Amino acid sequence: MIDYKEIIKTFTEQDYENERVNLHLHTTYSDGKGDFCDLIKQAKEKGYKKIAICDHNTLKGYEENGIDDIVIPAVEFDVWCGYVFLHLLAYGVDINNPELQSFCAKSKRETELDIIRIFSTRNIKKLINAIHNAGGIAVLAHPACCWAISHDRFVKKLISYGLDGIEVYYPYKRHRGIIKFTTANNIEKIADKYGLIKTGGTDLHGENL
């Protein structure tokens, strides 16, 4: 059995910055424009070590296409933690785990429309537990965009629920560069403070890596 957690822990800031690892990609299975198999092909051609396709609330891409060696199976869930709406990345999960599957979208609309996704009723504690039971790790996506009075306290609360990591190496482009409530530097300090796994990715929604 592949230990994806240990693999992810070996990745460095340089791996993310030099386009050798990208753990945040979306495809047409949710709200991306890229073809699932084509993005994998591109990653191989460009010499990536690993990528992770993290479509919103769905594992259907993996179910229909399988898991290539270059890919870490993943999914990005919409969920609330108190008054904070967040995106939670699940890496290295068993895509057939029924507990995790119960948190996945029941329709395509739940994978692409913000107005529907923001009304998610997933329970954050149960979701993180399901991710762990599916053999995966739970990582807070683009945390600087989470509206929290104190990001330190917010992350500490998530840790009490079982959070494993934070997406530290993230470009914060487009609307996420505007809607920010702290700095990327502060996020990295919080990750270091609590010994969290640091991940990164471009949040690609386009057709080309």
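1. Aromatic pairs. The structure, a predicted model, holds 6 aromatic pairs. Rings of Phe, Tyr and Trp (for Trp, the six-membered ring) are paired if their centres lie within 6.5 Å; planes under 30 degrees apart count as stacked, over 60 as edge-to-face, and the rest as tilted. One of the pairs joins F11 and Y16, with 6.3 Å from centre to centre and 90 degrees between the planes, an edge-to-face arrangement. Both F11 and Y16 are buried, where buried means under 20% relative accessible area, exposed means over 50%, and partly exposed lies in between (1.4 Å probe, protein chains only). Ring pairs also link F11, Y16 and Y169 into a cluster.

2. Basis of the values. In this predicted model, local features need pLDDT of at least 70 and side-chain atom pairs count only at pLDDT 80 or more, while totals for chains, interfaces and linings use all residues. Residues are numbered from 1 along each chain as its sequence is written, and side-chain values use heavy atoms, with hydrogens and water left out.

3. The pair of F36 and Y62. The ring centres of F36 and Y62 are 5.2 Å apart and their planes stand at 85 degrees, so this pair is edge-to-face. F36 belongs to helix 3 (residues 36-45) and Y62 to helix 4 (residues 60-65), so the pair ties together parts that are 26 residues apart in sequence. Helices (H or I, at least four residues) and strands (E, at least two) are DSSP runs, numbered from the N terminus. F36 is buried at a relative accessible area of 2%, and Y62 is buried at 3%.

4. Cysteines. How many disulfides does the structure hold? It holds 0, a disulfide being counted when two cysteine sulfur atoms lie within 2.5 Å. In general, a disulfide is a covalent bond between the sulfur atoms of two cysteines. For C145, the closest cysteine sulfur is that of C146, at 7.3 Å, which is too far for a bond. C145 counts as buried at 13% relative accessibility, and C146 counts as buried at 2%.

5. V21 is placed in strand 1 (residues 21-25) and is buried, with 3% relative accessibility. Neighbours within four places in sequence aside, V21 is in contact (heavy atoms within 4.5 Å) with F11, D15, Y16, Y48, K49 and K50. Two of these contacts, F11 and Y16, form the edge-to-face pair described in point 1.

6. D69. Is D69 buried or exposed? D69 is exposed, with a relative accessible area of 69%. It lies in the loop between helix 4 and strand 3 (74-81). D69 and K49 are 20 residues apart in sequence, and their C-alpha atoms are 9.7 Å apart in space.

7. Positive phi values. Which backbone angle deserves a check at N57? N57 has a positive phi of about 60 degrees although it is not a glycine. This residue is in the loop between strand 2 (50-53) and helix 4, and it is buried at 1% relative accessibility. D203, likewise not a glycine, has a positive phi near 60 degrees. D203 is found in the segment after strand 7 (197-200) and is buried, with a relative accessible area of 4%.

8. Nonpolar core. A nonpolar core is a set of buried Ala, Val, Leu, Ile, Met, Phe, Trp, Tyr and Cys residues joined through side-chain atoms within 4.5 Å. The largest one has 68 residues, of which L23, L86, L88, Y91, F154 and I166 touch the most other members. Strand 4 (residues 84-91) supplies the largest share of this core, 6 residues. Beyond its neighbours within four places in sequence, L86 is in contact with F77, D78, V79, C81, I124, L140, C146, F154 and L158.

9. The chain as a whole. The protein chain has 11 helices and 7 strands, and buried residues make up 52% of its 209 residues. The C-alpha atoms fill a box of roughly 40 × 35 × 35 Å along the principal axes. Among contacts between residues at least 6 apart in sequence, 73% join residues at least 24 apart.
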